[in-house]
Amino acid sequence: MSVTVKPLLAAVIAAAAMTAGSAPAQGWPAKPIRFVVNFAAGGGTDIVARIIAPELSKRLGQQVVIDNRPGAGTMIGIEVAAKSPPDGYTLLMGLSTLAINSALYKKVPYDPQRDFAPITQAVSSASIIVVHPSVPVHSVKALIAFARARQGQLNYASAGTGTYPHMTMELFLSMAKLKMVHIPYKGTGPAMIDMVAGQVATMAATILTGMPQIRAGRLRPLGITSAARSPIVRDIPTVAEAGLPGFESVQWYGVLAPARTPKDIITRLHDEVTRVLQQPEIKERLAGDGVDLVGSTPEEFTRYIQSELTKWAKVARDAGIQPE
């Protein structure tokens with residue numbers, strides 16, 4: 001009797017375990033999903049999230065609500081997402097600072113590898129080194145010469161300490177052997193307002209937020225930060241070809257969930273987000289803003305985050321930035 005009962009009992013337990021493991025996704029989503037954005041409204045991260053959210057809501061049958069949590073070099077929003085229940089009802093619109101912060105701070109309130117389940121690297125985007133029209137330079141070489149003659153006098157804006165725009169400018173200053181005063185803001189939107197007003201001289205502006213101001217003549221572009229020119233702004237040279245050989249810095253945006261979110265929910269989210277990105281109108285809108293679609297798998301995104309941790313740690317060391 002015991003010989004037959006044990007296999008039967010084991011089979012029942014295994015079936016129950018399989019049912020329990022898949023249960024979270026069977027009724028999911030049953031309520032709105034929070035999409036944490038670690039910047040103020042109006043910046044590149046917020047724009048990408050707000051492009052994805054409405055279409056994702058349609059596909060999931062539940063509202064995807066943007067929750068802007070700016071501050072502390074994006075760590076406030078990242079920590080909120082990291083410490084949320086792993087039930088599929090909190091997502092993070094992550095970006096390069098997820099990896100950058102580890103190179104800048106001794107104590108980071110999250111572990112970029114342990115605390116998140118990567119879903120997909122959605123898009124990537126280069127930035128443009130821009131100056132206010134009042135700054136009398138029209139090229140990267142001219143900006144380097146102008147700043148070198150005024151070491152420590154010019155200022156530059158960023159979306160916050162440790163953000164991608166900040167680190168891009170630090171990489172630029174390090175390679176050009178320049179000193180400028182860093183003016184951090186709580187997001188790209190507020191930084192752009194003061195940039196257009198002439199309160200700051202220069203910044204690395206994302207294509208998403210920079211191009212409207214460039215087209216309106218409110219900012220002057222000097223060089224794009226990618227390795228190759230952008231198809232939508234071919235007349236803007238790369239920083240590398242315009243005066244700083246070897247320079248390259250690209251921002252990425254990706255969707256993540258808290259670690260231990262059920263795998264079937266991660267798979268569903270990956271499938272739905274990548275389908276959203278492949279919709280013709282979404283592709284056209286993002287391409288028009290100079291954003292490159294990626295749509296990687298969770299495994300590919302995990303490996304990419306690991307490579308970013310290594311890259312930005314080196315940039316911080318080379319720039320002489322000591323973790324705070």
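I began with Thr225: a polar atom of its side chain lies 2.6 Å from the backbone oxygen of Ser249. I count a polar contact as a pair of N or O atoms within 3.5 Å; within protein, one must be able to donate a hydrogen and the other to accept it, and residues adjacent in sequence count only if both atoms are side-chain atoms.

A note on the source: this is a predicted model, where local features need pLDDT of at least 70, side-chain atom pairs count only at pLDDT 80 or more, and totals for chains, interfaces and linings use all residues. Residues are numbered from 1 along each chain as its sequence is written, and side-chain values use heavy atoms, with hydrogens and water left out.

I placed Thr225 in the loop between strand E8 (220-224) and helix H9 (239-242); helices (H or I, at least four residues) and strands (E, at least two) are DSSP runs, numbered from the N terminus. Is Thr225 buried or exposed? Thr225 is buried, because its relative accessible area is 0% (buried is under 20%, exposed over 50%, partly exposed in between, with a 1.4 Å probe and protein chains only).

Next came Thr163, in the loop between strand E5 (155-158) and helix H6 (164-176). Thr163 counts as buried because its relative accessibility is 1%. A polar atom of the Thr163 side chain lies 2.7 Å from the backbone oxygen of Gly160.

Last, I checked E1 (residues 33-37) and E2 (residues 64-68), which run parallel and are joined by five bridges. Val36 stands opposite Asp67 in E2.

Notes:
Pairing = 2+ DSSP bridges.
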